[in-house]
Each structure stands twice: as structure tokens, then as C-alpha cells.
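Welcome! Have a look at the structure below, and then let us walk through some of its residues together.

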Amino acid sequence: MAVGALALAGCAPGGSGPAPTNSTAVSTELTTEDVELTIADETGFPLTDDLTAEFTKQHPNITFNVTRDTFQNLTANAPKLLAADTPPDLIRLPTIGDTVKDGLLANLDPYFDAYGWDTWSPAQLAPLRVNEDNVRGSGSLYQLGLGYSVTGIYMNTKLADQLGIDAPPTTLAELEEDFATAKAAGVLPIMAGDKDGVVNFVVQAAMNQYGDRQEMADWIFNVPDATYDTPGNVEGADLVRKWADAGYFPTDINAIDYPSFVTRFQEGEGLFTFNGNWAAADTQAKMGDDVQFFLVPPVEDGGDHVAMGAANSFSVAAGSKHLNEIVYFLNWIHTDPKARQIVTDVTGASPGGDPSLPLPEVAPGSLIENALAMSAQINEENGQVDFMANATAGIYAGAIIPESQLLVTSKITGQEFVTAVQDFYAQELAG
């Protein structure tokens with residue numbers, strides 16, 4: 001059906017944001033004309049390739065051009081890409097920054113109404129909203145997820161058996177004991193890399209166990225007066241410095257990028273690695289039954305868990321010439337059975353959408369089944385928090401990567417790390 005509303009790009013209804021840069025009559029009916037849609041995605045994540053191939057199979061008149069760049073480059077260059085005369089129709093956008101305020105993103109509220117997305121989980125959609133004060137967590141909808149993630153720890157059970165470790169640790173202290181056991185036996189305790197900043201899966205995981213989840217969420221969402229410089233964050237960063245001092249990371253950690261540390265772990269290097277459910281399917285394929293996936297353990301036995309998790313967030317460019325077509329594709333990802341199955345098969349993530357829809361089928365006892373259970377547990381314990389790299393457009397490349405490279409090589413303290421990141425954050429928000 002055609003809906004006689006307008007999709008206003010970059011301006012919340014009744015808000016004081018910039019004037020819309022593009023508008024179109026909203027339609028939930030897919031065009032029969034030949035259309036090529038462009039998607040800007042990050043490297044190392046094949047989900048968009050599989051989804052676009054299936055969509056074109058079902059709708060041959062719609063084809064795609066998917067371009068890729070590293071996470072840090074895509075994050076830093078997103079405003080420039082979105083402001084171009086021919087922006088990508090859809091862009092992987094982990095950090096909204098000023099893109100809403102600057103009128104670069106399409107406001108999806110009219111499509112929310114047209115497609116009936118009010119049946120979807122409000123909690124999953126909340127981080128994808130931006131209010132009139134440019135604060136995430138409420139307001140109009142500017143993003144959707146291609147899967148909804150949860151992070152944890154992968155354990156090489158073959159190595160664990162050799163070390164006499166018969167189960168995943170249930171407390172942070174037990175995890176440290178396992179690190180020490182591995183180190184004493186000549187086994188690398190933590191496979192990680194920080195050439196592109198991904199050791200921060202480890203850094204934030206440590207912070208999450210000591211800090212306040214809501215304080216971290218407020219800081220990431222740019223709530224006024226929120227700060228990163230909290231006792232819990234300092235304690236977590238100090239713990240990572242302690243692990244660096246003990247030699248628990250690879251000696252070449254700052255030369256290892258994300259694909260390399262994943263491959264090295266899958267090939268048997270390292271007892272543990274910190275990563276997300278998006279790696280579950282590939283890790284299972286490479287390691288078979290020699291791997292487990294579990295939530296980062298809390299400080300106290302029996303305590304609630306906290307884990308990074310977020311939508312694999314994508315935004316529609318305000319300047320897209322194909323608003324109806326690209327949003328149709330986004331809705332299809334959440335509602336079509338084959339698309340939902342692809343999301344789970346490739347990423348191990350929940351496909352989101354209406355919770356009354358059937359869940360994709362997964363192999364009993366698989367890492368993906370476990371990842372879905374982990375997501376459910378985190379939701380039940382209200383322990384999900386976004387990734388700190390998503391706090392501002394420049395913070396990942398400008399502060400988190402260079403400062404964490406110093407932290408994991410024992411060159412700065414936890415307090416110095418936290419102070420530097422907060423200083424950069426404050427300066428960026430101040431313009």
C-alpha cells in the first residue's frame with residue numbers, strides 16, 4: 001500500500017532540528033523498476049553480502065553495490081560520505097555523532113508507523129533513537145540493526161583440558177586464575193589485537209564488571225554531564241594494565257588487527273579471546289567442538305552479568321534517492337524468514353523485529369544456540385550496554401585506539417587512559 005505521509009530526513013516531528021534535506025511520499029510497496037542500492041559497510045562482516053544476494057534472488061529488479069572500509073575509517077568518514085552529492089543509500093553507522101543534528105540521516109518515524117514497527121522491542125530500538133537535544137536513547141528513530149549483538153569470551157576447550165580447566169570461570173577472580181595457569185604452562189592467556197582498537201572488547205569488559213552500567217550508557221549516549229572518569233572505569237582499566245604487566249597479551253598486540261586475532265585464535269593460539277556473537281558461526285566451523293562461548297563473569301559469584309551489545313546499526317542517508325526501496329530492504333531483513341535465518345546463521349545474533357515471529361532454527365548445542373541464550377540472559381538481567389567506541393564520531397580513532405595501545409603495552413595507567421579518553425570526548429562534544 002502507499003502511505004500518504006512524508007519521510008522527513010534529519011528533522012524530528014515538531015523538533016527544532018535542521019530543515020529536511022530530502023522528502024518523499026512513503027510507500028511500503030516495492031517498486032517494479034530496476035534500482036541499484038548502495039551500501040557502505042565495514043570490512044570483515046559478510047552479512048550484507050548474504051542478505052543482498054537473497055534479496056536480489058527474491059526481487060531481481062533490485063541489485064546492490066556494497067563497498068567496505070575498516071571500522072575506524074568508516075566511522076571517521078561517515079559524515080563526509082553522507083554529505084556527498086551521491087551518498088550511500090545505507091551506511092553502517094555505529095556512531096551517530098552530529099549526523100542527525102546536521103540533517104544527514106533520514107528520520108524513519110513515518111516508516112515506523114507505515115510498517116507497524118510498534119510491535120518490535122522498544123528496548124532494542126531505544127539506542128537507535130535521537131532526541132531534539134541530540135542525545136541517543138529517545139526521540140525519533142534514525143537507525144535499524146542488521147542483527148542485535150552480545151559479547152563474551154571464547155575458550156579453546158582443547159587447551160583448557162590440557163591445562164586442567166574443566167569449565168568456564170564463574171567469577172572474574174577465577175578468570176584471572178585461568179590466565180595465570182595458562183601463562184605458567186607457556187600458553188597465551190588472551191588472544192587479542194589492537195592495531196585497529198579491538199582490544200577494547202577486553203578493556204570495556206573489565207570496566208563493565210566494576211562500573212555502573214547506566215553511567216556508561218549515559219556517557220555513550222552523550223547525556224549532559226555524564227563522565228567516563230569514574231572509579232569503576234579506572235579500576236577496570238587498571239585491571240587490564242595488570243594483565244599487560246603479567247604478559248597475558250600477545251607481545252605483538254599492536255600489530256594484530258581484528259581478522260588476524262580471530263584467525264590466530266581459531267588456529268589454536270590463545271586459551272581465551274574476547275569477541276562477539278557475530279564470530280560464533282565462523283569460529284564453530286573452524287574449531288568444531290573445541291570451543292565454548294560464555295558471558296564475561298561478574299566480580300561476585302552469582303552476580304548479574306554485564307555485556308556489551310548493540311544493534312549492528314545502519315542508517316539511511318537523508319540524500320538517498322531510494323528511500324522507500326532501502327527501507328523496504330530493512331523491513332524485509334526483520335520480517336522475511338530467510339533473511340532472519342541468514343542474520344542468525346552468519347552472526348549468531350538475534351534478528352530482532354516482532355518478538356512474536358518464529359526464531360530461526362539453530363543446531364542444538366551450537367555456539368549460536370548458546371549466543372542466543374546469552375542474549376536472553378543479558379536481557380533478563382538488564383545487563384546490556386553499548387560499545388564505548390560508539391560514544392562520538394571521532395573518539396575511537398582519536399583516543400580509544402592510541403590510548404589503549406599504550407595501556408596494553410604497560411606504558412600508561414588505568415587513570416591516565418580514562419582521563420585521556422574523557423578529555424577527548426569533552427573536547428569533541430564542545431566542537
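## Two residues with a positive phi

Start with serine 410, which sits in the loop between helix H15 (395-407) and helix H16 (414-429). This model is predicted, and in it serine 410 has a positive phi of about 60° although it is not a glycine. Is serine 410 buried, partly exposed or exposed? With a relative accessibility of 25%, serine 410 counts as partly exposed.

Asparagine 222 is not a glycine either, and its phi is positive, at about 65°. You will find asparagine 222 in the loop between helix H8 (213-220) and H9. Its relative accessible area is 15%, and buried means under 20%, so asparagine 222 is buried.

## Salt bridges

Now for the charged residues. Side chains of opposite charge can pair when their charged atoms come close. How many salt bridges does a search of the whole structure find? The search finds ten.

One of them joins the side chains of glutamate 176 and lysine 242, at 3.2 Å from N to O. Glutamate 176 belongs to helix H6 (residues 172-184) and lysine 242 to helix H9 (residues 231-245), so this pair ties together parts that lie 66 residues apart in sequence. Glutamate 176 counts as buried, at 18% relative accessibility, whereas lysine 242, at 47%, counts as partly exposed.

Stay with helix H9 for another pair. Aspartate 245 and arginine 241 both lie in this helix, four residues apart, which is about one turn of the helix. Their side chains meet in a salt bridge of 2.8 Å, N to O. Arginine 241 is partly exposed, with a relative accessible area of 21%. Glutamate 269 and arginine 264 also form a salt bridge through their side chains, at 2.9 Å from N to O, and glutamate 269 is partly exposed at 31% relative accessible area.

## A buried aspartate without a salt bridge

Aspartate 336 makes an interesting stop. Look for it in the loop between helix H12 (323-335) and helix H13 (337-347). Aspartate 336 is buried, yet it has no salt bridge. Which side chain of opposite charge is nearest to aspartate 336? That is lysine 338, 7.0 Å away. Why does this pair not count as a salt bridge? A salt bridge needs a side-chain nitrogen of Lys or Arg within 4 Å of a carboxyl oxygen of Asp or Glu.

The side chain of aspartate 336 does have a polar atom 3.1 Å from the backbone nitrogen of alanine 339.

## A negative patch on the surface

Next, turn to the surface. Asp161, Asp166, Asp289 and Asp290 form a negative surface patch. Among them, aspartate 161 has its place in helix H5 (residues 157-163). With 57% relative accessibility, aspartate 161 counts as exposed.

## A glycine inside

Our last stop is glycine 276, found in strand S10 (residues 272-276). Its relative accessibility is 0%, so glycine 276 counts as buried. How far is the C-alpha atom of glycine 276 from that of phenylalanine 201? The two C-alpha atoms are separated by 8.6 Å, while the residues are 75 apart along the chain.

Technical notes. Residues numbered from 1 in each chain as written. Predicted model: local features only at pLDDT ≥ 70, side-chain atom pairs only at ≥ 80, totals over all residues. Heavy atoms only, no water. Patch = residues over 30% accessible without salt bridge, like charges linked within 9 Å, V, L, I, M, F, W, Y side chains within 5 Å. Areas by Shrake-Rupley, 256 points an atom, 1.4 Å probe, with all protein chains shown as cover. Lys, Arg positive; Asp, Glu negative; His and termini not counted. Charge placed at Lys NZ, Arg CZ, Asp CG, Glu CD. Buried < 20%, exposed > 50% of the residue type's maximum accessible area, 1.4 Å probe, protein only. Polar contact = N/O pair within 3.5 Å; in protein donor to acceptor, adjacent residues only side chain to side chain.
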